[in-house]
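Subject: Structure handover

Hello,

Here is the structure for your files. Notes on what was found in it follow below.

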Amino acid sequence: MMQDRIKQKMNFSVYLSPITHNHIAHLIGFSDDPELIETMGWHPFRCNESERFIKTVEILTLPDRGDGEPITFCIIAHKNDVPIGYVTLKGIHNDKSKAEIGIAIMDGRYRSGGHGTEALKLVADYAFNTMNLSTIALTVFHSNTRAIKAYEKVGFKTVDILKKSWTMLNGEKIDMLLILDFACSHFEFYKFKNQ
């Protein structure tokens, strides 16, 4: 199983597990956090809105992605095996070896502790080494400086500004940053990890 392999090879505070209904039910309880509403641009979810939650985290923000089946993982804290967020590989384009990532640490108690950075490293490892993708991309609001710092720590680079590409809850269209990561930039990380 993927998360067992990751648990054995890495001494991280989080691991990834295929998301379940129970994970979603737990995470939905955090969706009304004002910081999440601001950084994710979503309407909070009610307890019976698991399907809307999954559809929302699988929305593509990049036009050139593929139509492969999304893969959503729950980010789980090792210490107490509690779900703290999600990470999704979506818009998987096998012909061009690329995908888009969506991620959120939904439990505010786990933000700013490196958990998102670790989850990104784990999903990048999976994308590059298991799925053999060559490029992963994501979008982020300019104002989400905490997320941008985490992306940069993992090796993502800002490459473009997508003008007025996201519609906020109030109807305002705002810019998003396009951030990319390439398999070749992770060579040393993976070489070290696999030894």
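Two rings of Phe, Tyr or Trp (for Trp, the six-membered ring) count as a pair if their centres lie within 6.5 Å. By that rule, in this predicted model, Trp-42, Phe-45, Phe-53 and Tyr-86 form one aromatic cluster.

Aromatic pairs. The structure holds six of them. One is Phe-53 with Tyr-86: the ring centres are 5.8 Å apart and the planes stand at 85 degrees, so this pair is edge-to-face. Phe-53 belongs to helix α4 (residues 50-57) and Tyr-86 to strand β3 (residues 82-93), so the contact ties together parts that are 33 residues apart in sequence. Both partners are buried: Phe-53 has a relative accessible area of 0%, and Tyr-86 has 2%.

Strands β1 and β2. Strand β1 covers residues 14-18, and four of its five residues are buried, so the rest of the structure largely encloses it. It runs antiparallel to strand β2 (residues 71-77), and five bridges join the two. Within this pairing, Ser-17 has Cys-74 in β2 as its bridge partner.

Cysteines. Is Cys-74 buried or exposed? Its relative accessibility is 0%, so Cys-74 counts as buried. Cys-47, by contrast, has a relative accessibility of 71% and therefore counts as exposed, the cut-off for exposed being over 50%. As for disulfides, the structure holds zero.

Regards

Terms used
Residues are numbered from 1 along each chain as its sequence is written. This is a predicted model: local features need pLDDT of at least 70, side-chain atom pairs count only at pLDDT 80 or more; totals for chains, interfaces and linings use all residues. Side-chain values use heavy atoms; hydrogens and water are left out. A disulfide is a pair of cysteine sulfur atoms within 2.5 Å. Buried means under 20% relative accessible area, exposed over 50%, partly exposed in between (1.4 Å probe, protein chains only). Two strands pair if DSSP finds at least two bridges between them. Rings of Phe, Tyr and Trp (its six-membered ring) pair if their centres lie within 6.5 Å; planes under 30 degrees apart count as stacked, over 60 as edge-to-face and the rest as tilted.
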